[in-house]
Amino acid sequence: MLARLKKEIDANQGWIAFVRYMELALYEPGLGYYAGGAQKFGREGDFVTAPELGSLFGRTLARQLEELAHPILEFGAGSGALADTLLSQHAFDYRIVEVSPQLQARQHTRLGARAQWLERLPERIRGVVIANEVADAMPVHAVAWRAQGIMERGVTLSDEQLTWKERAASGELLEEAKRIQVEAPYESEIGLVARAWMREIAARLDEGAIFIFDYGFPRREYYHPQRAAGTLMCHHRHRAHGDVFAHPGEEDITAHVDFTALAGAAVDAGLEVLGYATQAQFLVNCGITDVLGEANVENALHYAPLAAEAQKLLSPAEMGELFKVLAVGRGVKLPLLGFSRGDRSHSL
Ligand SMILES: C[S@@+](CC[C@H](N)C(=O)[O-])C[C@H]1O[C@@H](n2cnc3c(N)ncnc32)[C@H](O)[C@@H]1O
């Protein structure tokens with residue numbers, strides 16, 4: 001991976017934009033974190049996502065999906081855990097778009113003929129789109145607001161080591177950065193790739209809903225004075241750290257999601273915001289406590305892991321508060337179950 005990065009930097013007069021660095025580190029065929037051999041998910045991997053904790057997230061989400069028209073199109077299905085749970089609840093017509101061939105193979109082993117894999121985005125989409133922790137895994141532009149102006153942060157080599165180097169920002173990035181009111185010096189990320197992705201699926205959606213689950217904030221919290229060092233984070237063996245140059249290709253690199261920007265991209269494409277809530281509120285509205293109640297409370301061995309899973313999903317100290325759910329769509333009857341109480345759409 002390092003040799004590949006050095007080659008790319010050399011071929012570009014000693015500098016590549018961070019967005020390109022992140023793209024290579026995560027998705028370069030055979031070398032990138034998501035395109036190589038790393039285990040990634042679960043106890044033996046680097047991080048645990050909500051569907052990897054167990055079946056509670058999926059079984060609760062199924063209640064929301066059942067009230068909407070199918071088929072389901074899942075982006076970035078990871079190990080296939082969510083699809084596995086949803087398909088055990090309901091015979092959904094299930095399609096997956098996955099950029100990593102290695103993960104696609106893993107999903108196929110797990111799901112077999114129960115799902116269908118699409119090589120590219122369908123021309124027109126009808127039904128439900130879901131993406132759990134996919135937007136945070138999309139490459140972001142790194143930006144610095146300095147006294148002398150707005151800079152794009154990029155990567156260079158110094159004594160053979162990867163290191164940050166800034167250049168004056170230009171084009172769409174500069175225009176976007178100018179709209180964000182922060183006091184210099186301030187460093188953060190702008191998710192132009194995720195926004196373009198949302199615009200693209202939104203434009204193809206004839207009827208239905210898109211659910212984005214991820215960690216992040218509405219814009220005014222994202223670019224808050226307290227977050228002056230940005231949101232870039234690496235995950236390795238359940239340890240989170242901020243050194244994006246430490247192990248390229250061997251660990252996950254992510255940025256938090258600006259939900260205002262994603263909602264805006266969907267609205268630009270003619271969709272309406274169907275709801276925005278914390279993950280905890282969404283799951284409670286969908287009836288997570290009823291799903292929990294279906295378990296055998298008398299049997300501690302059976303119940304204790306489920307209770308621990310609910311605690312992880314709902315607790316404000318874990319995934320309950322930082323993780324959000326955004327739903328946008330076209331021609332959908334409101335209100336959706338998951339946003340029936342405590343919807344925070346007004347704060348987007
Ligand atoms: C952090 S993992 C989450 C996996 C799974 N959804 C979960 O919750 O466990 C990110 C996933 O998104 C995939 N991915 C990233 N960008 C994508 C894109 N543009 N289209 C489809 N999949 C994408 C990655 O290959 C990976 O499977």
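User: Leaving aside its neighbours within four places in sequence, what is Ser347 in contact with?
Analyst: Keeping in mind that this is a predicted model, Ser347 is in contact with Pro218, Arg220 and Tyr276, once its neighbours within four places in sequence are set aside.
User: And is Ser347 buried or exposed?
Analyst: Ser347 has a relative accessibility of 12%, and because buried means under 20%, Ser347 counts as buried.
User: New topic: how many aromatic pairs does a search of the whole structure find?
Analyst: The search finds 19 aromatic pairs. One of them is formed by Phe75 and Trp197, which are edge-to-face, with 5.3 Å centre to centre and 85 degrees between the planes.
User: Where in the chain are Phe75 and Trp197?
Analyst: Phe75 is in strand E2 (residues 72–75) and Trp197 is in helix H8 (residues 192–204), so the pair links distant parts of the chain, 122 residues apart. Both Phe75 and Trp197 are buried.
User: Why is the pair of Phe213 and Phe282 edge-to-face?
Analyst: The planes of the two rings, Phe213 and Phe282, stand at 80 degrees and their centres are 5.7 Å apart, so the pair is edge-to-face. Ring pairs also link Phe213 and Phe282 into a cluster with Phe57, Phe211 and Phe339.
User: Last one: in what order do the strands E11, E12 and E13 come in their sheet?
Analyst: The order in this open sheet is E12-E11-E13, with antiparallel pairing. Strands E12 (239–241) and E13 (252–254) stand at the edges, each with a single partner strand, so one side of each is left without a neighbour in the sheet.

Definitions and conventions:
Residues numbered from 1 in each chain as written. Predicted model: local features only at pLDDT ≥ 70, side-chain atom pairs only at ≥ 80, totals over all residues. Heavy atoms only, no water. Pairing = 2+ DSSP bridges. Helix = DSSP H or I, 4+ residues; strand = E, 2+ residues; numbered from the N terminus. Buried < 20%, exposed > 50% of the residue type's maximum accessible area, 1.4 Å probe, protein only. Contact = heavy atoms within 4.5 Å. Phe/Tyr/Trp six-rings, centres within 6.5 Å; stacked < 30°, edge-to-face > 60°.
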